[in-house]
Amino acid sequence: MSHYIFILVGAVLVNNVVLVKILGLCPFMGVSKKLETAYGMGAATTFVLTLATGSSYIIDHFLLIPFGLEYLRTLSFIVTIAAIVQMTEMVIAKTSPTLQQTLGIYLPLITTNCAVLGVPLINIAYGYNFVESLLFGAGSAIGFSGVLILFAAVRERIEGADVPRHFRGSAIAMITAGLMALAFMGFAGLDKYQ
Amino acid sequence: MLNKLFKFYGGVKPPSNKTLSNALPIVQAPLPSRLVVPLHQSIGGMPRPVVQAGERVLKGQLIGQADGWLSAAVHAPTSGTVLEVAMHVRPHVSGLDSLCVVIEPDGQDEWIAHGPPDIATMSPADICNYLQQHGVVGLGGAGFPTHGKLTATPAVPMAELIINAAECEPYITCDDLLMRERADDIVRGIAVFRDMLKPQSVIIGVEDNKPEAIAAMRAAVDAQNEAFSVVAVPTLYPAGGAKQLIRVLTGKEVPGSMRSTADMGVQVFNVGTAYAAWRAIGHGEPLISRIVTLTGNVRQAHNVEALIGTPMNELLQLAQPHPDTDGIIMGGPMMGFLVPNESAPIVKTSNCLIAHSERLFPPKAPEMPCIRCGACARACPHELQPFELYWHARAKDFGKTQQYNIFDCIECGCCSFVCPSRIPLVQYFRFAKSEIWAREREKKAADEAKTRFEFKQFREEREKTEKAEKLAKAAAAQAAKKAAEAAAAAAAAGDAGDAPVADKAPDVAVDPAQAAKKAAIEAAMARAKAQREAAQVKNTDDLTPEQAKAMADIEARRQQAGIAEPATTTETKPE
Amino acid sequence: MDILLAIAIMALGAVVLGAALGFASIKFKVEGDPLVEKIEAILPQTQCGQCGYPGCKPYAEAIAKGECDINLCPPGGMEGVQRLADLLGREVKALEAEEKPKQVAIIDENTCIGCTLCIQACPVDAIVGAAKQMHTIIAQQCTGCELCLPPCPVECIHMEVIPETLDNWKWKFPVIEIKSAPAKEAA
């Protein structure tokens with residue numbers, strides 16, 4: 001039991017996919033201007049990531065390994081992720097067109113989100129079984145969403161602040177992200193005794 | 001009788017500076033050189049002027065008729081001649097003009113025939129109408145027409161009638177002196193309100209830094225055998241705010257969204273308003289004067305009974321301002337403003353004039369960044385978060401300011417008073433509020449424009465289809481007629497040679513018609529051009545003597561008829 | 001043999017996913033475009049045509065399609081550009097044309113000939129009048145679009161800036177912004 005808790009905590013905090021593993025920075029920087037879009041993007045990515053982890057594991061274990069096609073991993077993972085993202089896009093377009101418009105190009109770009117491809121590959125590298133993979137995937141997604149929302153909140157406050165002219169926009173956002181990454185280093189060692 | 005008192009959140013204790021002006025009795029101000037009475041002196045519609053230049057008016061005569069339910073009449077403060085009804089500077093922080101009636105006093109101060117009405121025969125609606133016609137408005141600062149607050153909400157029983165005699169702002173002592181000297185009339189006025197609203201209890205709230213006033217009011221209440229309670233509330237700014245006083249005296253907290261406190265069974269009136277109401281109901285006198293505190297950088301700070309419309313600089317002279325006075329503040333130091341033009345007149349809501357000098361009011365230190373100390377939130381009597389409102393107002397994010405309830409702010413100034421970074425918080429909130437109102441106006445105008453545009457497009461479509469239908473019908477009728485004619489012609493002559501000629505004739509006929517049309521249009525344009533030339537003013541410099549004399553004759557006739565102003569230019573006169 | 005197996009499995013995966021997507025695209029079909037209404041709500045409804053489109057709705061549709069830029073509307077001002085940028089996630093650009101203060105049109109009644117050409121031109125029906133009758137503009141309805149000035153054959157319409165009165169006076173922003181002086185133009 002504690003093993004699973006450590007995996008979850010590790011995925012959310014210690015090995016946070018954005019701030020420690022530095023994956024998935026594109027939506028992190030691009031969608032975090034407003035809190036509402038951050039919620040939407042976090043939810044979408046969580047959905048995609050969890051589904052992708054599950055389906056990648058199944059494809060890997062029941063299709064690729066039995067037939068000795070490990071070299072097709074990247075290819076098949078990307079294809080599955082692309083299909084899942086397309087499905088998510090259609091669902092969002094139907095249920096919340098506003099969200100689709102505000103997310104803009106970043107919704108289909110979840111396909112190329114290195115976190116979404118990276119997490120299944122990390123699962124395989126660590127040799128996790130199905131439950132562990134799912135936990136790791138879900139944990140990473142929660143970590144991604146959490147950090148995205150935190151960052152969006154900070155950026156909204158910075159919007160109204162007196163930022164020096166040459167730092168406005170992306171520059172102060174990068175500095176803030178760096179400071180957050182430094183802060184998250186404080187979690188190092190939390191899952192040491194797994 | 002012990003009244004349980006409640007506390008409201010926040011508040012500050014600035015130095016009161018009231019002993020400057022509360023030692024001397026009220027003095028009747030002498031007649032000024034002229035009176036500039038603005039017509040729009042209360043919240044609501046602007047009264048219409050009913051006098052013209054040159055007319056003689058008597059003291060208390062109606063000069064502005066109330067326009068609509070939420071409006072109050074305006075009266076001449078003294079007898080004299082109306083000089084003009086024109087735009088003059090208004091006592092407003094913008095320094096903009098508004099329509100005023102300028103009266104030159106004739107020194108006789110002659111009252112119009114007036115007398116107390118027969119209250120016994122008047123219904124509540126009649127009394128409301130009477131108060132409106134006598135210009136009684138709230139004298140506490142907002143100037144809300146009093147008759148609008150004298151009807152209880154149908155479903156809610158009126159529990160408390162509160163008379164606001166707190167006068168919490170520093171420097172101001174007009175209500176204090178009013179209570180000391182004219183307590184009897186005030187109590188009679190309160191009785192009038194009591195009879196209109198029929199509350200379960202009447203509470204008069206006075207701050208405890210006014211012991212003489214409290215004693216005078218208690219004596220008057222006892223003398224008239226009324227059951228009003230005179231309660232001393234702890235001195236704390238802004239205990240005199242309506243919602244704060246309600247909280248202190250009754251414990252009720254009025255939510256920001258509630259338009260009228262009557263929906264909670266409470267109504268608040270200023271003590272000066274009660275006095276004015278009694279002058280109207282008991283003596284038939286309209287509201288033409290009020291007590292004004294003259295204080296600040298002056299030799300003799302005291303209270304005067306000033307006529308509405310007295311220019312401020314003339315009035316302040318009565319208190320002998322020191323030579324280094326460099327401005328006049330209307331109102332108190334917390335909520336008042338520096339008047340841009342010192343010849344602006346006193347209006348019904350002017351309670352105090354403070355002579356401003358660098359010595360008394362040192363210039364403010366420059367604004368420094370917000371350190372988020374939270375002192376402003378601790379001081380706000382409405383439990384708002386001024387630092388958040390400041391942050392978003394400064395970033396011009398007005399949606400967020402409304403999320404933080406900026407319209408609940410009463411601009412009391414407690415937050416600016418305590419800010420260690422000297423940030424003028426109230427200025428930011430005022431800016432945000434006026435921007436939000438401007439945007440709402442623009443949005444309304446844009447929506448209207450859109451509706452009209454869409455209707456215009458719909459109308460044009462409709463006209464097009466109607467025209468097409470008409471044309472189709474006409475063409476069908478024409479075709480039918482032609483067919484009938486052709487049939488008749490074929491039946492009669494049977495000569496096919498005429499047909500081509502018949503076809504050509506319409507073409508030739510069209511050209512002369514078009515040419516005639518063109519000529520007509522050109523003639524019309526030439527006529528219009530000539531008309532425009534004639535309408536523009538041409539030669540006014542080299543006038544022949546006959547022309548000049550004719551113009552002088554016309555001017556004289558116009559002046560006699562009273563439709564021209566007295567000629568101030570000499571352009572029309574020959575050299 | 002292995003390579004054929006690999007291709008077969010990938011093809012199978014592609015077919016399955018394609019079928020799923022095709023089914024989903026039919027089931028989750030979206031009608032209409034609510035974005036246009038949102039854009040239109042931001043535009044000032046002057047219907048002046050300065051953006052190059054015949055009205056605010058066509059301009060909104062063009063923006064939604066991505067055909068044109070968001071900085072073509074002078075009556076909306078820089079604020080309008082900012083709000084469009086926030087809504088669409090596009091970059092804020094300076095306005096193409098210059099921003100003018102709010103104006104209304106006024107007809108000089110001495111010169112008006114009652115031709116009704118301006119009435120037909122006004123997009124919001126703000127001009128009252130009939131053939132050979134005096135025309136007048138309802139100031140509250142006038143949006144300052146200036147479309148009535150060209151058609152008038154006697155040039156009797158001119159624009160007047162709306163004066164600041166107590167009704168539309170606004171508190172000023174308490175901070176005095178220090179802006180760099182505008183670049184000097186070549187004489």
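Student: At what angle do helix H6 (residues 114-126) of chain A and helix H7 (residues 130-159) of chain A pack, and how far apart are their axes?

Tutor: In this predicted model, where local features need pLDDT of at least 70 and side-chain atom pairs count only at pLDDT 80 or more, while totals for chains, interfaces and linings use all residues, the two helices pack at an angle of about 150°, with their axes 10 Å apart. Residues are numbered from 1 along each chain as its sequence is written, and chains are lettered from A and ligands numbered from 1 in the order in which they are written.

Student: Why are H6(A) and H7(A) called roughly antiparallel?

Tutor: Angles run from 0 to 180 degrees between N-to-C directions, along axes fitted to C-alpha atoms over the stretch in contact, and those under 35 degrees count as roughly parallel, over 145 as roughly antiparallel, 65 to 115 as roughly perpendicular and the rest as oblique. The angle here is about 150°, and therefore H6(A) and H7(A) are roughly antiparallel to each other.

Student: Which residues of H6(A) meet H7(A)?

Tutor: With contact meaning that C-beta atoms, placed from the backbone, lie within 7 Å, A:Ala115, A:Val119 and A:Asn123 in H6(A) meet residues of H7(A), including A:Phe136 and A:Phe144.

Student: What makes E3 and E6 of chain B edge strands?

Tutor: Strands pair if DSSP finds at least two bridges between them, and the open sheet of three strands has the order E3-E5-E6 with antiparallel pairing. Strand E3 (48-49) and strand E6 (74-75) of chain B each have a single partner strand, so one side of each is left without a neighbour in the sheet.

Notes: Helices (H or I, at least four residues) and strands (E, at least two) are DSSP runs, numbered from the N terminus. Two residues are in contact if their C-beta atoms, placed from the backbone, lie within 7 Å.
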